[in-house]
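Student: Before we go through this model, I would like each label tied to the rule behind it. Can we start with the rule for accessibility?

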Amino acid sequence: MAINGRTFATPLALFMEANAIGGRHGLGLSDQIENRIIEAKSRGIYEAPGLALLYIVYERLVTGIHNEDTIDQYRANGRRLAGCSTRAGGSTRRRSLLRETAQRWVAARSRAK
């Protein structure tokens, strides 16, 4: 666990450094409008510069390692997994299958290379 060659004792310490770096560069401000199950809209403004920075790094890592078909499948399954979490009817079994697929085929290979 390191950023710019500096190691951190805990994931929280690493995330706090990522927040500082991402914030300095204006990352992570998001204005989102969500459609709710009850036909209502929910609006939120979120700020997560560290998460945005780590997401960009992870996406670059994934695209540098995997081929286009694997990445397409990974993103499609990610949308399906998000759908299971945000709308009714997403079974626990389906969520588990989608999560396991991403962890086994994409994340494991990203760590191994």
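Predicted model: local features only at pLDDT ≥ 70, side-chain atom pairs only at ≥ 80, totals over all residues.

Tutor: A residue is buried under 20% relative accessible area, exposed over 50%, and partly exposed in between.

Student: Why is Arg75 called partly exposed?

Tutor: The relative accessibility of Arg75 is 36%.

Student: What makes Glu59 buried or exposed?

Tutor: Glu59 has 12% relative accessibility. The buried class is under 20%, so Glu59 counts as buried.

Student: Why is the contact of Arg75 and Glu59 called a salt bridge?

Tutor: The rule asks for a side-chain nitrogen of Lys or Arg within 4 Å of a carboxyl oxygen of Asp or Glu. For Arg75 and Glu59 the N to O distance is 2.7 Å, so the pair meets the rule.

Student: How many salt bridges does the rule give?

Tutor: The count is two. Glu17 and Arg6 form one of them, with their closest N and O atoms 3.3 Å apart. Because the cut-off is 4 Å, this pair qualifies.

Student: Which parts does the pair of Glu17 and Arg6 tie together?

Tutor: Glu17 lies in helix α1 (residues 11-24) and Arg6 in strand β2, so parts eleven residues apart in sequence are tied together.

Student: What class do Glu17 and Arg6 fall into?

Tutor: Glu17 has a relative accessibility of 22%, and Arg6 has a relative accessible area of 46%. Buried needs under 20% and exposed over 50%, so Glu17 is partly exposed, and Arg6 is partly exposed.

Student: What share of the chain counts as buried?

Tutor: Of its 113 residues, 23% do. The chain exposes about 8600 Å², and carbon and sulfur atoms supply 54% of that area.

Student: Which elements does the chain have, and in what order do they run?

Tutor: There are four helices and four strands. Starting at the N terminus, the order is β-β-α-β-β-α-α-α.

Student: Where is confidence lowest, and where is it highest?

Tutor: It is lowest in helix α4 (residues 92-112), with a mean of 74, and highest in strand β2 (residues 6-7), at 96. For the chain the mean pLDDT is 82, with 88% of residues at 70 or more.

How values were computed
Residues numbered from 1 in each chain as written. Heavy atoms only, no water. Helix = DSSP H or I, 4+ residues; strand = E, 2+ residues; numbered from the N terminus. Buried < 20%, exposed > 50% of the residue type's maximum accessible area, 1.4 Å probe, protein only. Areas by Shrake-Rupley, 256 points an atom, 1.4 Å probe, with all protein chains shown as cover. pLDDT = per-residue confidence, 0-100.
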